[in-house]
Amino acid sequence: MTDTLSPAVQICRDLIRCPSVTPAEGGALSTLENLLAGAGFDVSRVTFTDEDTPDVENLFATIGTGKPHFVFAGHTDVVPVGDEAAWTHGPFDGTIADGMLHGRGTADMKGGVAAFAAAALDYVKAHPDGILGQISFLITGDEEGPAINGTVKLLEWATEQGHEFDACIVGEPTNPDALGDAIKVGRRGSLTGTIKVNGTQGHVAYQHLADNPVPGMLKLLSAVSEVELDKGNERFQPSNLEITTVDVGNTATNVIPAHVMAKFNIRFNDQWSVKSLSEHVTKLLSDVAPEGLDWSIDYAKEATDSFLTHDEALIQTLSNSIKTVTGRTPELSTGGGTSDARFIKNYCAVVEFGLVGQTMHKVDEHVAVADIEQLADIYLRFLQDYFQA
């Protein structure tokens, strides 16, 4: 029953019932705004726009003044549900069954947002004369989308308002198996490339009158797919390049295509930068390209470098809180994909810690109710120790 739920679980349930499929706000930010404003937070709703992308609503909330200024970052947008008929429970019903809270976004990452909101409210309530420092929320509706009208612009906006952050936790689902498994203390970089090879279209029976671009592309792709970029190090796993699409736009079997395009993505460690890696790949392709091949390569402007956080106070305080609540000593990890931490790192020290991510983006996404409650406890203990209250 609702009246028996902990605050963190109730907040999460309320957020799940908001159908905030990116880029829709769906009521999720309004739910947070009402909750935080009622506790004394100064809340701002900011909408950003950009060419060829949807407008996105974001939320910034803050309480207190001075140093340290701690910020919790997250998102309330979720990925589409897919085949809704395949769900055991409605994806936006917030059903609790067998100790699990079901719904789209429970793991990624409304559960994390709800847990920190509950923790922050408890911490503020325990300090009626004011907290020692400042706590803020940086919440976007554009993490699962293009990530253009979200955290990047919200950080710029907050800076323009005079805010300077000292440390941040992003509440992404960092734990592979159990709550307390891992803190993300860094992330590999990401570089996407597009290779194009041009030929001359023609009939397959008159190949001498055409120039097939596919064999040349295969040589290029063979070179990049077989290369060992590095062996990794004590901080990061080896960099890896994966070919993600090859397309000739040709549905006919008797036509030699005029063009072929391929895309790849590299997740790379701190032995590379975007610049050095793109130069390396371009040279590799140039070295193997057949003479006379008409080819080009372009790199996505959204490429990001790897990062590693060294703020021992932030890392150790969070690690101690996790161990106190769960009994586990978290691994300090840099594995997995990217998150908005890649943007926040340019403003302050940042780590990531949230729920177990086994069901994120899946049909029947769910998390344990007990995990949400424990995560709220971890966040609260972190705030108590971080602000030394």
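Let's start with one residue. Leaving aside neighbours within four places in sequence, Thr 192 is in contact with Phe 264, Asn 265, Asp 298, Tyr 299 and Ala 300. Contact here means heavy atoms within 4.5 Å.

A word on the source. This is a predicted model, where local features need pLDDT of at least 70, side-chain atom pairs count only at pLDDT 80 or more, and totals for chains, interfaces and linings use all residues. Residues are numbered from 1 along each chain as its sequence is written, and side-chain values use heavy atoms, with hydrogens and water left out.

Back to Thr 192. Buried or exposed, or in between? Thr 192 is partly exposed, at a relative accessible area of 28%. The cut-offs: buried is under 20% relative accessible area, exposed is over 50%, partly exposed lies in between, with a 1.4 Å probe and protein chains only. Ile 243 is 51 residues away along the chain, and its C-alpha atom is 9.7 Å from that of Thr 192.

Thr 192 is found in strand E10. Helices (H or I, at least four residues) and strands (E, at least two) are DSSP runs, numbered from the N terminus.

Now the sheet. It is open, with four strands in the order E12-E14-E10-E15, and the pairing is antiparallel. Two strands pair if DSSP finds at least two bridges between them. Strand E12 (240-247) and strand E15 (294-299) are the edges; each has a single partner strand, so one side of each lacks a neighbour in the sheet. From one strand to the next, the twist averages 20°.

Look at E10, residues 189-198. E10 and E15 pair in the antiparallel sense over six bridges. Val 197 has Trp 295 in E15 as its bridge partner.

Next, the helices. H5 packs on the sheet and touches E10, E12, strand E14 (259-268) and E15. The direction of H5 makes about 160° with that of E10. H6 lies across E10, E14 and E15, at about 170° to E15. Axes are lines fitted to C-alpha atoms, for helices over the stretch in contact; angles run from 0 to 180 degrees between N-to-C directions.

How do H5 and H6 cross? The axes of H5 (residues 214-226) and H6 (residues 274-288) come within 9 Å and cross at roughly 135°. That makes H5 oblique to H6. Under 35 degrees is roughly parallel, over 145 roughly antiparallel, 65 to 115 roughly perpendicular, and the rest oblique.

Finally, the residues. Lys 219, Leu 220, Ala 223 and Val 224 in H5 meet Val 281, Leu 284, Leu 285 and Val 288 in H6.
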